[in-house]
Amino acid sequence: MSLFISILITLLFGTMIIVIRMKASKRPASIKGIILPPIMMSTGALMFVVPYFWVTGVDILEAIGMGLVFSLILIWTTRFEVRNEEVYIKRTKSFPILLMALLLIRIILKYWISGSVEVGELAGMFWIMAFAMIVPWRVAMYFQYKAVARGLAKSAEMSERRLKDNL
């Protein structure tokens with residue numbers, strides 16, 4: 001019964017995150033909005049102060065590897081666009097499907113590994129995996145955002161010059 005409740009809660013929170021991400025694409029993107037999530041998530045590293053959450057070196061590498069694979073999928077599906085003279089995250093139909101697929105893969109991995117790994121170590125591994133997923137994704141988002149914003153600034157500058165030349 002607790003397994004069912006745990007999966008249900010995980011799916012509920014995953015769905016909430018997808019809804020939040022979809023609503024966020026209706027507002028202009030910002031550097032603060034791109035950088036803050038990994039910074040806020042980094043506070044979770046304090047769990048490793050407690051020996052209960054310590055992870056072996058091999059498990060750390062496995063978690064980082066999985067996180068990097070997941071981040072590549074997120075990087076691949078995240079794009080920016082210019083609307084109304086502002087930079088927005090481009091909504092794609094595949095993004096919520098991919099987020100749900102990643103969530104389901106994480107749930108399956110968690111319950112597959114949970115039989116051979118202590119609960120605290122498992123929590124540490126999944127935090128490392130999530131952090132290794134979000135940091136490269138957000139770094140890539142930052143550079144993509146800056147490139148689109150630079151293009152927008154150049155476009156605005158060129159329009160301004162044309163306007164002056166026509167006067």
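This note goes through the fold, overall dimensions, core and one loop of a predicted model.

1. Fold. The secondary structure of the protein chain consists of 5 helices and 2 strands, and the order of these elements along the sequence is α-α-α-β-β-α-α. Among the helices are H1 (2-24), H3 (57-77), H4 (94-113) and H5 (119-166), while strand S1 covers 80-83 and strand S2 covers 86-89.

2. Overall dimensions. The radius of gyration of the protein chain is 20 Å, whereas a compact globule of 167 residues would have a value near 15 Å.

3. Of the 167 residues in the protein chain, 30% are buried.

4. In general, nonpolar side chains tend to be buried together in soluble globular proteins. Here the largest nonpolar core has 29 residues, and those with the most contacts inside it are Leu74, Phe80, Trp137, Met141 and Tyr145. The elements that contribute two or more residues to this core are helices H1, H3, H4 and H5 together with strand S2, and H5 gives the most, with 12 residues.

5. Met141 within that core. Which residues does Met141 touch, leaving aside those up to four places away in sequence? They are Arg21, Ile34, Thr78, Phe80 and Ile89; of these, Phe80 is also listed, like Met141 itself, among the residues with the most contacts inside the core.

6. The loop between the strands. Most residues other than glycine have a negative phi. In the loop between S1 and S2, however, Asn84 has a positive phi near 50°, and Glu85, in the loop between S1 and S2, has a positive phi near 65°. Are these residues buried or exposed? Asn84 is exposed because its relative accessible area is 66%, over the 50% cut-off, and Glu85 is likewise exposed, with a relative accessible area of 61%.

7. Surface and charge. The accessible surface of the protein chain amounts to about 10900 Å², and carbon and sulfur atoms account for 71% of this area. The protein chain carries 19 positive and 10 negative side chains, with the centres of the two sets 7 Å apart.

Key: Residues are numbered from 1 along each chain as its sequence is written. This is a predicted model: local features need pLDDT of at least 70, side-chain atom pairs count only at pLDDT 80 or more; totals for chains, interfaces and linings use all residues. Side-chain values use heavy atoms; hydrogens and water are left out. A nonpolar core is a set of buried Ala, Val, Leu, Ile, Met, Phe, Trp, Tyr and Cys residues joined through side-chain atoms within 4.5 Å. Buried means under 20% relative accessible area, exposed over 50%, partly exposed in between (1.4 Å probe, protein chains only). Helices (H or I, at least four residues) and strands (E, at least two) are DSSP runs, numbered from the N terminus. Contact means heavy atoms within 4.5 Å. The radius of gyration is taken over C-alpha atoms; the globule rule is 2.2 Å times the number of residues to the power 0.38. Accessible areas come from the Shrake-Rupley method with a 1.4 Å probe; for residues, only the protein chains shown count as cover. Lys and Arg count as positive and Asp and Glu as negative; His and the chain ends are not counted. The place of a charge is taken as NZ of Lys, CZ of Arg, CG of Asp or CD of Glu.
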